[in-house]
Amino acid sequence: MITGSTDGKIMVRRCLLTFKPFRIFVVGIGFFSLCFLMTSLGGQFSAKRLGDSPFTIRTEVLGGVESRGVLRKISDMLEVILKRMDSLSKLDNTSTADTRRLDELSSAINRFQPAGLVERIQAIAQNVSNMAIRVEQILQNSMVQGRDGTSGQCEVPRDPRFPDCPGKVDWMRARWTSDPCYAFYGVDGSDCSFLIYLSEVEWFCPPLAWRNHSSPPTQHAQQGKAAKRQAAFRTDLSVLLDQVGTGKESLSFMKRRIRRLAQQWATAANRLDAKLQQRWRDQKKILVHVGFLTEESGDVFSPKVLKGGPLGEMVQWADILTALHVLGHNLKISMSVKELQGFLGVPPGRGSCPLTGPLPFDLIYTDYHGLQQMKQHMGLSLKKHKCHIRVIDTFGTEPAYNHEEYATLHGYRTNWGYWNLNARQYMTMFPHTPDNSFMGFVSEELNETEKRSIQQNKVNNMAVVYGKEASMWKGKEGFLQILHRYMEVHGTVYYETQRPPEVPAFVKNHGLLPQHELQQLLRKAKLFIGFGFPYEGPAPLEAIANGCIFLQPKFHPPHSSLNHEFFRGKPTSREVSSQHPYAEQYIGRPHVMTVDYNNSLEFDSAIREIMRTKVEPYLPYEYTCEGMLERVHGYIQNQDFCAPEPPFLPANLSRSGPGGGSRLPGPIFVPLPNSTALGWASNVSAPPAWPPLSCLRLLVSQEGQSCVEACQFAGLICEPAHFHYINNKEALRGLEVQCEVVDSEINHILPAFSVMRRECGLQREPLLFSCAGHSPKYRRLCPCRDFRRGQVALCRDCL
């Protein structure tokens with residue numbers, strides 16, 4: 001007992017004597033190990049190139065045996081440290097008193113020991129062990145490459161067919177660690193891995209002779225092999241409602257709208273199905289990425305849904321989703337960047353690497369925010385796959401702003417635009433930019449019983465003001481006083497506790513109303529009056545559909561990106577003559593009245609005329625559910641921006657009829673009866689096109705007049721798809737234009753000619769075919785077309 005007690009005291013005394021050095025030792029283990037590891041690896045695997053980490057492991061490792069030895073020594077050293085610390089913690093072969101004292105000592109040590117030190121040392125040991133295994137694998141791969149006739153030090157090829165290869169390898173040497181996606185594709189810092197990546201994932205270097213080149217089939221080949229499926233109309237919207245998701249007030253608003261219009265969509269689907277007579281429709285795989293509602297874009301809209309914020313974009317997106325679903329397509333919906341990456345199969349990282357497989361979708365609908373997110377995460381793949389993209393663009397994008405190089409050189413560069421898409425890939429809310437495709441939205445359609453009820457219950461002296469935000473009412477009291485002489489004025493201005501001071505006392509403010517209550521208010525009112533802002537929203541169409549007359553201000557001069565802050569920076573030169581140009585131009589009196597609010601006499605006269613005028617509820621067909629389904633169906637089944645457009649060579653055309661197939665002399669464009677326009681000659685075989693060339697009407701504009709205006713003046717629509725067929729000398733000849741010289745240039749007003757100079761110009765860049773372009777010195781060749789009644793987006797033969 002005496003001996004045991006003495007031994008215990010000696011051991012405790014030794015522990016106390018060595019306590020401080022032990023603390024210093026264990027605390028320094030982590031730092032010492034890290035320094036030793038960096039020094040050893042720095043010597044063995046030196047980072048000789050800019051941007052490399054000292055821990056970068058290469059296949060051109062010198063002294064493979066020594067490298068493995070160093071890693072083994074580090075691993076063994078850490079294992080010894082861990083064992084000794086473990087043995088110290090297990091001292092239990094002592095007397096009770098000694099045990100108590102050692103427990104006190106252990107407690108003291110634990111108080112001084114950094115938290116988790118042992119776990120950190122274990123993690124370091126495991127990482128070193130993993131590195132040793134990785135080095136072993138790389139060395140073995142190098143030996144395998146050597147057996148295949150190559151060496152670990154791959155030679156960078158100098159191939160004239162791949163002039164960018166050496167520069168790309170240099171870039172990879174310096175920057176391959178800048179994005180984790182490179183490591184995802186097997187890049188490990190060696191020239192061999194760079195060349196494999198640049199030849200097999202990207203396309204800057206030639207294929208390596210010692211690699212297996214059984215490449216997967218191309219995207220078009222794979223899509224061609226996939227059996228086409230027929231789209232069937234759907235009337236059950238429950239699956240769509242689940243896909244839209246929850247968690248945001250914006251999504252709740254969209255789902256309420258989808259539910260409210262569900263029966264109208266079902267009725268419209270049955271009507272269109274009957275109209276198409278069971279015609280085959282390809283079912284498309286479609287991704288819808290609503291970029292402006294993602295958290296990454298800031299999503300300023302969702303918090304304002306219940307506070308009078310703009311709802312037009314959410315109205316349109318809800319209707320787009322519903323139309324695509326009802327038409328029977330295979331739909332995926334993304335409301336976040338994470339969902340977008342998952343649907344596209346984007347490799348992890350920062351978007352520097354392209355997709356390697358085929359795009360899993362036939363079409364992608366997004367907006368400018370989503371397009372920017374796709375660019376960030378798809379890298380080079382965006383350029384490859386951009387023909388599948390459709391951009392929902394409220395105010396439109398003109399070709400001069402869309403072509404990046406041209407926009408930069410000629411002052412059309414803005415924060416939007418410049419994506420080098422076909423201008424028809426941009427889809428607008430109203431048909432104000434014929435260079436784009438008109439997507440639109442829907443308004444609720446009334447049946448005959450509802451229409452009669454509205455007319456019977458209209459309050460002749462009741463007006464509702466278009467303006468949910470108090471700021472819109474500033475400076476408007478002058479003409480509101482005139483309105484108040486004749487009518488009871490109602491508002492739907494958002495407020496939290498107190499009445500907004502901007503709203504005059506004589507206005508009966510209902511606050512922000514749910515959609516169905518707003519509909520009831522509009523069904524009573526005689527007048528819906530606009531303040532000039534917001535521009536081109538859905539509310540005026542809803543008011544007109546509920547039997548209101550819409551009164552709006554005329555702008556002198558018209559608002560545009562040149563003179564108005566709201567339009568500045570938008571990729572369009574379009575001049576907006578009123579708050580709602582579509583209502584002014586396509587609906588007009590008696591449903592729409594556009595007057596100068598600054599002229600009190602004109603404004604007063606308009607109010608008195610409105611009170612005398614009786615109107616029925618009116619909704620243009622293109623804004624009904626059936627009209628939107630018809631239009632979107634036409635786009636999906638006929639627009640293809642991925643197929644290369646062959647050059648149009650009039651000399652190769654043949655004539656139909658007796659002896660058809662021979663190339664006979666004669667005009668391609670011939671005068672049409674009772675018209676100044678030329679049409680496609682009926683005896684000339686027209687190449688396949690959509691819209692078909694049977695609807696083409698070739699006109700000449702006046703100097704300074706755009707093709708949009710020239711076609712509208714003739715009761716037609718400019719069709720940008722047909723520029724391809726009139727950009728030639730045959731069109732000039734048919735119009736009897738005198739040309740002393742015909743040049744081919746890059747300019748968004750071409751094809752055009754100067755009468756004074758007898759100079760004619762043809763377009764060299766197809767992306768710059770523009771309905772909107774105009775010049776005071778040139779008359780333009782304009783491809784106009786007819787259109788279906790109530791459906792300006794489609795020609796008479798388009799379905």
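Start with the second largest cavity, which holds about 40 Å³ of space. The model you have open is predicted.

**Stop 1: the second largest cavity**

Select Arg257, Arg260, Leu261, Val442, Ser443, Glu444, Gln515, Gln519 and Glu542, the residues that line this cavity. Now colour helix 11 (249–260) and helix 21 (515–524): these are the elements that give two or more residues to the lining. Colour the lining by class next.

**Stop 2: the largest cavity**

How many cavities of 30 Å³ or more does the structure hold? There are two. The largest cavity has about 240 Å³ of space. Select Pro434, Asn436, Glu719, Arg785 and Ala793. Of the 20 residues that line the largest cavity, these are the closest to its centre. Strand 6 and strand 17 (717–718) are the elements that give two or more residues to this lining. By class, the lining of the largest cavity has 12 nonpolar, five polar and three charged residues.

**Stop 3: the second largest pocket**

Move to the second largest pocket, with about 1,200 Å³ of space. Its lining counts 45 residues. Pick out Asn422, Arg424, Ala643, Glu645 and His724, which lie nearest the centre of the pocket. Then show helix 16 (381–385) and helix 27 (723–726), each of which supplies at least two lining residues. The lining of this pocket divides into 24 nonpolar, 11 polar and 10 charged residues.

**Stop 4**

Switch to a cartoon view. Six strands form an open sheet here, in the order 2-1-3-4-5-6, with parallel pairing. Which strands sit at the edges? They are strand 2 (330–334) and strand 6, each pairing on one side only. Strands of a sheet pair through backbone hydrogen bonds.

Zoom in on strand 3 (residues 363–366) and strand 4 (residues 389–392). They run parallel, joined by three bridges. Select tyrosine 365 and look across to strand 4: the bridge partner there is arginine 390.

**Stop 5: aromatic pairs**

Show the rings. The structure holds 38 aromatic pairs. Take phenylalanine 430 and tyrosine 582: this pair is tilted, at 5.5 Å centre to centre and 40° between the planes. Phenylalanine 430 is in the loop between strand 5 (426–428) and strand 6 (437–438), while tyrosine 582 is in helix 23 (residues 581–587), so the pair ties together parts 152 residues apart in sequence. Buried or exposed? Phenylalanine 430 and tyrosine 582 are both buried.

Go on to phenylalanine 441 and tyrosine 623. Their pair is tilted as well, with 4.9 Å from centre to centre and 55° between the planes. Phenylalanine 441 lies in the loop between strand 6 and helix 19 (448–457). Tyrosine 623 lies in the loop between helix 24 (600–612) and helix 25 (625–638). The pair therefore links distant parts of the chain, 182 residues apart. Phenylalanine 441 and tyrosine 623 are both buried.

Now select Phe395, Phe533, Tyr535, Phe555, Phe566 and Phe567 together. Ring pairs link these residues into a cluster.

**Stop 6: charges over rings**

Finish with two charged side chains. Select arginine 281 and phenylalanine 233: the charged end of the arginine sits over the ring, 4.1 Å from its centre. Then select lysine 476 and phenylalanine 531. Lysine 476 lies over the face of phenylalanine 531, at 5.6 Å from the ring centre.

Methods:
Residues are numbered from 1 along each chain as its sequence is written. This is a predicted model: local features need pLDDT of at least 70, side-chain atom pairs count only at pLDDT 80 or more; totals for chains, interfaces and linings use all residues. Side-chain values use heavy atoms; hydrogens and water are left out. Rings of Phe, Tyr and Trp (its six-membered ring) pair if their centres lie within 6.5 Å; planes under 30 degrees apart count as stacked, over 60 as edge-to-face and the rest as tilted. Helices (H or I, at least four residues) and strands (E, at least two) are DSSP runs, numbered from the N terminus. Buried means under 20% relative accessible area, exposed over 50%, partly exposed in between (1.4 Å probe, protein chains only). A charge sits over a ring if NZ of Lys or CZ of Arg is within 6 Å of the ring centre and within 35 degrees of the ring normal. Two strands pair if DSSP finds at least two bridges between them. On a 1 Å grid over the protein atoms alone, a cavity is a set of points where a 1.4 Å probe fits but cannot get out, and a pocket is an open set with protein on both sides within 12 Å along at least five of seven lines; lining residues have an atom within 4 Å of a point. Grid points are joined across faces, edges and corners, and a volume is the space filled by probe spheres set on the points. Ala, Val, Leu, Ile, Met, Phe, Trp, Tyr, Cys and Pro count as nonpolar, Asp, Glu, Lys and Arg as charged, and the others, Gly among them, as polar.
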